[in-house]
Amino acid sequence: MSSENLVLTVRCPDKPGITYAITGLLASVGGNIMESQQFNDAESGFFFVRIEAHVPGGKPTIEAAFAQLAANHDMTYEIAEANKPLRTLIMVTKDSHCLSDLLSKNREGRLPIDIVAVVGNHDTLKPLADFYGKRFIHIPIDAQTKPDAEAALLRLIEEEDIELVVLARYMQILSTDLCERLAGNVINIHHSFLPSFKGARPYQQAHSRGVKLIGATAHYVTADLDEGPIIEQDVVRVAHDDNEAELRAKGADVERQVLSRAVKWHAEHRILMNGHRTVIFA
């Protein structure tokens, strides 16, 4: 049976009566609203709302009626079960800090995701996945094998009904085709120096320039490298006497926090797309 606690997220052209129409529909089936947040974007002319409600009978009770409501108001919407963990695939290379944080918080019940497997283009982090009892799949990749590797990844995503892919310091560029097929369901994390310090050893580059703030950015993946809609960012101050290793350590801490917040908000259906930007009902 479907959960009776639902999350409704809606994006539509702004006009009077939208909130009334949604809440009226919920009231007509005995729904009880437990949380509601909304945003009117004067710039784009769109209205955004997230409602968490207890609905007797769950999703089937309102699906047909909401589809009609959405058609009447040109809505893009989602109805999700509030407490259902998203089936998630985490992709890694060799850096362990983000994977370790996600696995730990998930075990503690702080991330509402079901980590189905960890995929690595190296097998370096297999022992960490094993420690947390997660299946590790090694899919090596290079310029020659990339099409086959991505095909294997897509098969895995389809076979396991994966709903979210997290690039936890996965140091490979996804193809345009893969980005388009998984649009809105892949989250990446990277240091905040981009585009200033590209290429190898960005922390050394930042240290050489005397940077005083370092941070991280979590965003949705698009074909435009590291330029997808931003979900979350944070920074930490660094001192003149911090060396490269100390900058890297502070950067890793920020990356952990930013990525886990982004994953949590996505899994709780708190993120709505607003063109190239995001609306976050955190």
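D226 counts as partly exposed because its relative accessibility is 28%; buried would be under 20% relative accessible area and exposed over 50%, with partly exposed in between, using a 1.4 Å probe and protein chains only. This is a predicted model, where local features need pLDDT of at least 70, side-chain atom pairs count only at pLDDT 80 or more, and totals for chains, interfaces and linings use all residues. Residues are numbered from 1 along each chain as its sequence is written, and side-chain values use heavy atoms, with hydrogens and water left out.

UniProt, in an unreviewed entry, places the feature "active site" at D226. UniProt positions are in the numbering used here, feature names are shortened, and annotations may be inferred rather than shown by experiment. D226 sits in the loop between β10 (213–220) and β11 (230–237). Helices (H or I, at least four residues) and strands (E, at least two) are DSSP runs, numbered from the N terminus.

Now the sheet. It is open and mixed, with 7 strands in the order β7-β6-β5-β8-β9-β10-β11. β7 (136–138) and β11 are at the edges with a single partner strand each, so one side of each has no neighbour in the sheet. Pairing requires at least two DSSP bridges between two strands. From one strand to the next, the twist averages 20°. Axes are lines fitted to C-alpha atoms, for helices over the stretch in contact, and angles run from 0 to 180 degrees between N-to-C directions.

Within the sheet, β5 (residues 86–92) and β8 (residues 164–167) pair in the parallel sense over 4 bridges. T88 stands opposite L164 in β8.

Helix α3 (residues 97–107) packs on the sheet, touching β5, β6 (113–120), β8 and β9 (186–191); contact means heavy atoms within 4.5 Å.
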